[in-house]
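Dear colleague,

Please find below the structure that I am handing over to you. I would be grateful if you would look through it before reading the notes that come after it.

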Amino acid sequence: MSEALLEARGIRRVFRETGEEVVVLDGVDFRLERGDFVTITGSSGSGKSTFLNILGSLDHPTEGTLLFEGKDLFALRASELDRFRLSQVGFVFQFHHLLPEMTAFENIMLPARILGTPERKARDRARELLTAIGLGDRRRHLPGELSGGERQRIAVARALMNEPKVVLADEPSGNLDERHSEQLHEMFVRLNREFGQSFVVVTHDLALAAMAPRRLVMHDGRLLPVDAQAE
Ligand SMILES: Nc1ncnc2c1ncn2[C@@H]1O[C@H](COP(=O)(O)OP(=O)(O)OP(=O)(O)O)[C@@H](O)[C@H]1O
Ligand SMILES: [Mg+2]
């Protein structure tokens, strides 16, 4: 089998709460190919965010391996792991986490500034992204001057700034009304189709889940294909 973009093997995550062990992930195996668009659903507390955080190397599993293009991520030094995350992974969360005193354009530019991308190249990319998300005319707006849906699209553009190989999104439309959710979902689908952007999206939104070519569900500490679980 060829090398996956991202592969998790036998991921276990156990939390210890006042002496008690809670097994949240109980041997999760997962493979993401380049250009894949995967959604993960599952009941509240089933471990979706826990798993996504491990996939993004924000959290360490109790056991298991995480490979990115065949490289063992948890074998990296902390500084190497930070750099990996900044350049290869784009994160989108339920709340946009945009900086309120910066314009939309400056917020999108931020990851490139941290990475040290040449200014000119970064500006071109930020402009391109603003156009791609349909907000070219909002570049000078502060987050407080944008609608919830627009803010979330800006957060997606920021996640894409450093041309990450994968975008990990945790309930990206969890805070949006139906119309804005739909717009956001359509944007994901378009970015996936047109640019081959890989996505792993955790969602409660069944309409969004249904748009993905590959759907998984977190259940009893395992990740299963949606169809297998329905049977
Ligand atoms: N840092 C932590 N310490 C202790 N327990 C934790 C920690 N993080 C998560 N948990 C527990 O792990 C379980 C899974 O949490 P997680 O946030 O992954 O669920 P989720 O599927 O994302 O739920 P939701 O759909 O509500 O966001 C929960 O029971 C939670 O209490
Ligand atoms: Mg969650």
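Predicted model: local features only at pLDDT ≥ 70, side-chain atom pairs only at ≥ 80, totals over all residues.

**The six-stranded sheet**

One open sheet is formed by six strands in the order S6-S7-S8-S3-S9-S10, and its pairing is mixed. Strand S6 (89–92) and strand S10 (222–225) stand at the edges; each has a single partner strand, so one side of each is left without a neighbour in the sheet. On average, and with direction ignored, neighbouring strands of this sheet are turned by 20 degrees against each other.

At one end of this order, strand S9 (residues 214–219) and S10 run antiparallel and are joined by four bridges. Within this pair, Met 218 stands opposite Leu 223 in S10. As background, the strands of a sheet pair through backbone hydrogen bonds, either parallel or antiparallel.

Helix H1 lies across strand S3 (37–41), strand S7 (166–170), strand S8 (198–202) and S9, and runs at about 150 degrees to S8. Helix H5 packs on the sheet as well, where it touches S6 and S7; the direction of H5 makes about 165 degrees with that of S6.

**Val 38 in strand S3**

Val 38 has its place in strand S3. Is this residue buried or exposed? Val 38 counts as buried because it has 21 C-beta neighbours inside 10 Å, and the cut-off for a buried residue is 20 or more. Leaving aside neighbours within four places in sequence, Val 38 is in contact with Leu 32, Phe 199, Val 200, Ala 212, Arg 214 and Leu 216. Val 38 and Ala 209 are 171 residues apart in sequence, yet their C-alpha atoms are 8.3 Å apart in space.

**The nonpolar core**

The largest nonpolar core has 56 residues, and those with the most contacts inside it are Ile 108, Ala 157, Leu 168 and Val 200. Helix H5 (residues 148–160) gives the most to this core, with six residues. Which residues does Ala 157 touch, not counting those up to four places away in sequence? They are Ile 108, Leu 129, Leu 130 and Ile 133.

**The four-stranded sheet**

A further open sheet has four strands in the order S2-S1-S4-S5, with antiparallel pairing. Its edge strands are S2 and S5, each of which pairs on one side only. S1 and S2 run antiparallel and are joined by 10 bridges. Two facing pairs may be noted here: the bridge partner of Glu 7 is Arg 31 in S2, and Glu 17 stands opposite Glu 20 in S2. Helix H1 packs on this sheet, touching S1, S2 and S4, and the direction of H1 makes about 125 degrees with that of S1.

**Two residues with positive phi**

The hairpin of S1 and S2 has two residues between the strands, and in it Thr 18 takes a positive phi near 40 degrees. Thr 18 is a residue other than glycine, and its place is in the loop between S1 and strand S2 (20–32). Thr 18 counts as exposed because it has 4 C-beta neighbours inside 10 Å.

A positive phi is also found at Glu 69, again a residue other than glycine, with a value near 45 degrees. Glu 69 lies in the loop between strand S4 (63–68) and strand S5 (71–72). How exposed is Glu 69, and why? It counts as partly exposed because it has 13 C-beta neighbours inside 10 Å.

**The surroundings of ligand 1**

Ligand 1 is surrounded by Phe 15, Glu 17, Val 24, Gly 42, Ser 44, Gly 45, Ser 46, Gly 47, Lys 48, Ser 49 and Thr 50. Of the residues in this shell, two are nonpolar, seven polar and two charged. Strand S1 (6–17) and helix H1 (48–55) each supply at least two residues of the shell. Which element gives the most to the shell around ligand 1? It is H1, with three residues.

With kind regards

Methods: Residues numbered from 1 in each chain as written. Chains lettered and ligands numbered in written order. Near = placed C-beta within 6 Å. Nonpolar A, V, L, I, M, F, W, Y, C, P; charged D, E, K, R; others polar. Core = buried A, V, L, I, M, F, W, Y, C linked by C-beta atoms within 7 Å. Buried ≥ 20, exposed ≤ 12 C-beta atoms within 10 Å, placed from the backbone. Contact = placed C-beta atoms within 7 Å. Pairing = 2+ DSSP bridges. Axes fitted to C-alpha atoms, helices over the stretch in contact; angles between N-to-C directions.
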